[in-house]
Amino acid sequence: MIDYETLQVDAVVAGAGGSGLAAAITLAEGGSHVAVFEKMQYAGGSSRFPEGMFGVETRMQQTRNIKIARDQIFKDIMEYSHWKANAALVRVFVNRSASVVDWLEDIGVEFIEPAAFVPGGPKTWHLFKGYGAAMIKVLLSRAKRLGIDVKCQTAVKEVLREKKGPVTGVVVEDHEGKKTRVEAKAVIIATGGYANDKKLLKTYTGMDLKVNLFPIGNFEKYGEGIRMGWAVGAAEEGMGVLNYSFGGPVGPGIKPSGSIVAAVRQPELWVNQHGRRFCDESIVHNVIHCGNAMARQKGGYIFRVFDNNARRHYMEKGIDVGVGTFVPQGTRLIDFDNEINNALEKKNWNVFTADTIGELTTKMGVPSEAFQKTIDVYNLFCEKGYDEEFVKERIYLRPVNAPPFYGFKCYVDFCATHGGIRINERTEALDNEENIIPGLYAVGNDAGGLYGDSYDLMASGTASGFAMVSGRMAGENALRYFVR
């Protein structure tokens, strides 16, 4: 074990999620002495939850004859961002993705197959066997064999830098409040973003945490790494980009991957607090588009409405749109009635049932005249087989006319924040004049520049892919920095 009283290392990694572990392993493979500090009681962070990661021209794709070209994916990502993304960073990320997926396979991470999250999209999403948790287990085993000390319940509190010179280390604090100075030639910030920080979310999204904005699978992420980078002169980039999910009700009786969650993901009738439609509901196929449309609505919430015919369809024939790989398309929601009854018994304030549209209107609290008009017009579209308002596909035009009726108050939710510290294509932190801060790197959700104003879901698995690729890149570039 390292003596933390007088610690001197080559590099410090702040955070032991996927990006931090990838960086630390890369450094150790290159012969460097690295210390990893993680404030939580366990390693892995949000990297334990992803279903898969991004990769282009991987061995898996090649052996399955999946033809996806790096050049085209690069162009697609840049055009999706309207060229707001850092093109040099995107290019390196895309080009390096295959080697990182292949490396993970080589060290023991098991994958199922390449897939696409969005129907018809490119199969860049390499699904993990056992989700991200299985990958983290392999990474921790690899780190242990390399002699890397992953110190949990010890947070990096400050990055040290001499004026405008290189970084010189960090100050860490353990769970008992003991602070230690750790001298290092390189510091890699990998703390996972700011998904639990009320102030940063309010500042950059205008929404209120746990009021109309709810994080999924994020714990104690307060943007400390980003702030530490800014404190030593790093510039800001890309704040406010959220990796949206599809939104849903919260409160008692709601199971994370249960029947209610799957039902509200279906492209039925959606209205805002004024009782009016606001989008083609089939955008739920791309949860980022869905989140953007929801976030535009006053209050940051909407209502999703369907009738008994839709309920029977879900229970007897299955859902039309899956919830990722957790609840696949075609799954029959056999527990729907039990979950509804349970939520109502527990007085969930976001779940409503009614025998008439008027009763549902009252329970939801939307304007009765506007909502009734919306129902009438929508049902007419369904009868005609053509949505004159938002051109929703005919297959999803199901009328709302068979009691009982169901309504759900759904809030914006998200899986990750993106952006924070401005970096170059080598993951080196930059100041406001775009000068490199020697020895300082930012990776994963602490780094900005990979996106425009929205997360790119068409390139499926980008967030987890960038975590691993940027971690590897930071480790490699720190090794090069040591020998300059």
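Helices (H or I, at least four residues) and strands (E, at least two) are DSSP runs, numbered from the N terminus. The model described here is predicted: local features need pLDDT of at least 70, side-chain atom pairs count only at pLDDT 80 or more, and totals for chains, interfaces and linings use all residues. Residues are numbered from 1 along each chain as its sequence is written, and side-chain values use heavy atoms, with hydrogens and water left out.

Helix H4 covers residues 87-106. At serine 97, H4 bends by about 40°, the bend being the angle between axes fitted to the seven residues ending there and the seven starting there. Just after this helix, glycine 108 takes a positive phi of about 120°. Among the buried residues of H4 are Phe93, Ser97, Trp103 and Leu104; buried means under 20% relative accessible area, exposed over 50%, and partly exposed in between (1.4 Å probe, protein chains only).

Leu104 also belongs to the largest nonpolar core, which has 135 residues, and is one of the six that touch the most other members, together with Leu139, Val159, Phe336, Phe408 and Leu440. Such a core is a set of buried Ala, Val, Leu, Ile, Met, Phe, Trp, Tyr and Cys residues joined through side-chain atoms within 4.5 Å. Helix H14 (residues 462-482) gives the most to this core, with nine residues.

Strand E14 (residues 301-307) has seven of its seven residues buried. Seven bridges join E14 to strand E16 (residues 405-422), and the two run antiparallel; strands pair if DSSP finds at least two bridges between them. Arginine 304 stands opposite phenylalanine 408 in E16.

Conventions:
The expected span of a helix is 1.5 Å times one less than its number of residues.
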